[in-house]
Amino acid sequence: MRIGLIVDILNEEYQTSVLRGMNSYAVENGIELICFQYENFVNKELSKSLAKKDFFALDGIVILTSVVQDRMIVDSLKEIRETWGDIPFVSVGQELEDVPSIVTESNKSMDALLYHLVEEHSYKNILFVSGRKSHQDNIVREQDFIRVMDAYKSENKIFEYRIVRGDYTEESAVQALAQYEKEKNDFQIDVIVCANDNMAIGTNKYLKMNTTNTFSKNCAITGFDDIPQAKLEYPALTTVRQPMEEMGMKALKIMTELLAGKKVDNIHTVQSSLVIRNSCGCPKENETSIDELQKKNQKIQYQYLYSEKLLRMISRMGQELNSVFSIQEMRTYIDRNLDLIGIKNFCLLSFSENNGNLSEFIYPLFVKKNGKMDKTFYSVPKTLMSDFCNSFFDWNESYVSKFLLLGRDAIGIMIYQAEDSLHPYMCSISVDIAQTILRLKNREEEFKYAETLEKEVQARTKELLESNNRRMEVEAQVLKISEAERQRFSTDLHDDICQRLAGISMLCRSYSNREAPLEKDEMVELASLISDTLQRTRQYAHNSYPVELESLGMNHSLNNLCASFGNQSGIKCVYEWNIFSDIHFDSLQKLNIFRIIQEALHNVLKHANATEVCVKVEEEKDFVLVTVKDNGVGFSIKSEKNQESSVKTNPDEIEILSAKDVAKGIGLNSMQYRADQINASFKIKKNKPCGTCVELKVFPH
């Protein structure tokens with residue numbers, strides 16, 4: 001069977017002792033054990049994925065509720081099921097409804113401790129360093145303390161007590177005492193009772209570091225839990241022993257019974273006991289011999305030197321990881337430093353999805369097995385967690401996992417085997433590794449972004465070049481159109497006006513060579529020729545720039561254009577103006593609409609062989625629709641290979657895009673260019689049943 005142990009963080013003895021007891025039972029009974037550290041981690045979605053069959057494939061979970069209750073929701077079985085699913089649970093430290101729970105009976109031990117301090121040492125002024133208000137263990141211990149103290153006061157004992165609050169850590173006790181002293185309390189303390197050993201050790205350090213404090217230099221101190229460090233303190237710590245290892249062994253035994261289908265009780269109580277040493281004021285001779293004192297001093301010195309050595313190695317490892325630029329470099333540094341620390345089995349896994357959002361797959365970043373880096377796992381980038389567990393773990397002892405946390409997001413997980421003393425240092429290593437992985441991921445993303453940006457720049461540069469080429473083509477086309485317009489205007493002047501003026505000139509010379517006076521009919525003929533030439537000259541001037549667009553308006557100008565076209569061409573020209581609201585066209589729109597209609601009529605005259613044309617301007621919902629429809633023969637387009645196709649075989653709608661698409665299409669491209677100038681939509685379509693339709697959609701201001 002595979003069992004998970006949920007703790008907060010393995011940086012103090014209380015949780016390590018429970019793990020030690022469970023591991024001892026697991027090794028003896030062939031149980032696979034994984035310890036999960038949930039420091040500041042509240043990702044329920046990932047918690048659910050951990051319990052999945054395809055992830056760690058856990059058969060049951062033991063929760064150290066006395067330390068994780070502020071990290072996770074463990075107030076009811078329902079909430080546990082929502083997080084972990086339908087598997088057996090055992091609670092250690094706190095009672096959970098309908099869950100087998102192992103709790104410590106501490107009332108009698110607290111009574112015995114306080115009785116010892118008051119009755120045997122005659123302490124009158126007691127300061128209680130309490131823990132978090134919400135912590136269940138602390139609530140019980142604080143209530144027991146107050147109950148006993150109030151009972152003494154009711155018997156008119158001459159003593160007082162005060163309460164300050166810490167957070168079950170050495171640092172929190174130091175801060176609580178510093179704040180208490182800062183407030184300049186006149187309460188003279190005889191003994192400081194702490195709610196756990198860690199705060200008692202912190203209190204002892206504070207008294208030794210602050211020799212000028214208002215507390216008595218010889219102030220007595222007591223703790224609670226009896227962690228191994230309590231015996232090594234100087235003076236040795238009087239405390240209450242909680243059998244943490246026994247609780248861990250009992251929890252795993254109950255779990256095996258649950259999985260075997262046996263019925264177990266919901267509450268399992270273990271007894272605590274008072275341990276009297278020297279910190280309460282009892283003589284040292286009663287507890288420690290000279291030989292034992294020397295051994296204790298040697299052990300303290302060894303632990304100090306070992307701790308200093310580990311701190312230096314961890315610091316150097318952090319500096320080295322901060323300098324890596326690739327996953328391969330990171331693997332090299334981790335492998336070398338793990339050898340120095342003495343860790344033989346270690347794996348570093350990255351979740352497939354960011355922050356581990358329900359990822360059933362993992363990415364092995366680094367694997368060290370039996371003291372050697374195992375590169376075979378890198379060849380399969382993604383694998384099921386359960387498959388990885390079965391192939392990586394030897395299960396000869398428990399494994400410990402630590403989430404790689406950045407804030408409350410988990411980017412991966414590291415799993416390892418280590419001695420109990422190494423767990424706090426592994427927590428520090430996890431921070432350096434998490435930051436390194438994130439930095440390398442960000443660096444990789446920056447490279448990818450730079451590559452993407454470079455591709456976008458290249459694509460944009462290509463677009464700009466193509467756009468510039470198109471602009472040059474348009475400019476060349478505009479010049480070509482302008483030149484064609486000038487040539488056509490020049491041709492019209494030469495073929496029409498100049499010929500007429502030449503005829504008038506010749507007629508005048510003929511009349512001047514005659515001796516007989518001119519007849520009236522001859523003078524009328526000459527005047528008629530001059531008048532007709534003047535009219536045509538005015539028409540050419542009008543076609544060159546219709547000045548009445550501004551003075552008389554577009555409707556009047558278009559009406560004159562259509563009437564003139566009909567008179568000159570002999571083609572029936574129908575004109576309709578169906579705009580009844582106050583629509584405003586600017587000068588540029590007026591001129592270009594006029595020119596497009598003028599060019600369309602010119603094409604009808606020149607190419608359509610039509611007998612009738614209709615010019616219509618009508619108002620739509622969001623635009624003005626201008627159409628020029630004829631009943632002629634239509635037109636043809638040709639490709640770059642000069643392959644012509646009749647408009648009859650084309651789709652009903654053909655949009656003219658460039659000069660390449662149209663045979664002899666300077667006039668058509670001129671219309672397209674003018675439409676672009678006013679952001680209008682321009683199309684050429686078949687006119688059913690025959691002919692051509694020029695369509696212009698204009699969006700007035």
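User: Does Phe-346 count as buried, partly exposed or exposed, and what is its relative accessibility?

Analyst: The model is a predicted one. Buried means under 20% relative accessible area. Phe-346 falls under that cut-off and therefore counts as buried, its relative accessibility being 1%.

User: How many aromatic pairs are there, and what is the geometry of the one that Phe-346 and Phe-366 form?

Analyst: The count of aromatic pairs comes to four. In the pair of Phe-346 and Phe-366, the centres are 6.0 Å apart and the planes make an angle of 55°. Planes under 30 degrees apart count as stacked and those over 60 as edge-to-face, with the rest as tilted. The pair of Phe-346 and Phe-366 is accordingly tilted.

User: Which parts does this pair tie together, and how many residues apart are they in sequence?

Analyst: Phe-346 belongs to strand 13 (residues 346-351), whereas Phe-366 belongs to strand 14 (residues 361-369). Phe-366 has a relative accessible area of 0% and is therefore buried.

User: What kind of aromatic pair do Phe-623 and Phe-699 form, and how many residues apart are they?

Analyst: Phe-623 and Phe-699 form an edge-to-face pair, with 6.0 Å centre to centre and 65° between the planes. Phe-623 is in the loop between strand 20 (612-619) and strand 21 (624-630), and Phe-699 is in the segment after strand 26 (692-698). The pair thus links distant parts of the chain, and the separation is 76 residues.

User: Is Phe-699 buried or partly exposed?

Analyst: Partly exposed lies between the buried limit of under 20% and the exposed limit of over 50%. Phe-699 has 41% relative accessibility, so Phe-699 counts as partly exposed.

User: Which residues make the nonpolar surface patch of about 300 Å²?

Analyst: One member, Leu-453, is located in helix 14 (residues 423-512). Leu-453 counts as partly exposed because its relative accessibility is 37%. The patch is made by Tyr-449, Leu-453 and Val-457.

User: What share of the contacts with a separation of 6 or more comes from residues 24 or more positions apart?

Analyst: The protein has 19 helices and 26 strands. Of its 701 residues, 46% count as buried. Among contacts with a separation of 6 or more, residues 24 or more positions apart account for 70%.

Technical notes: Residues are numbered from 1 along each chain as its sequence is written. This is a predicted model: local features need pLDDT of at least 70, side-chain atom pairs count only at pLDDT 80 or more; totals for chains, interfaces and linings use all residues. Side-chain values use heavy atoms; hydrogens and water are left out. Patches are made of residues with over 30% relative accessible area and no salt bridge: like charges are joined within 9 Å, nonpolar side chains (Val, Leu, Ile, Met, Phe, Trp, Tyr) within 5 Å. Accessible areas come from the Shrake-Rupley method with a 1.4 Å probe; for residues, only the protein chains shown count as cover. A salt bridge is a side-chain nitrogen of Lys or Arg within 4 Å of a carboxyl oxygen of Asp or Glu. Helices (H or I, at least four residues) and strands (E, at least two) are DSSP runs, numbered from the N terminus. Buried means under 20% relative accessible area, exposed over 50%, partly exposed in between (1.4 Å probe, protein chains only). Contact means heavy atoms within 4.5 Å. Rings of Phe, Tyr and Trp (its six-membered ring) pair if their centres lie within 6.5 Å; planes under 30 degrees apart count as stacked, over 60 as edge-to-face and the rest as tilted.
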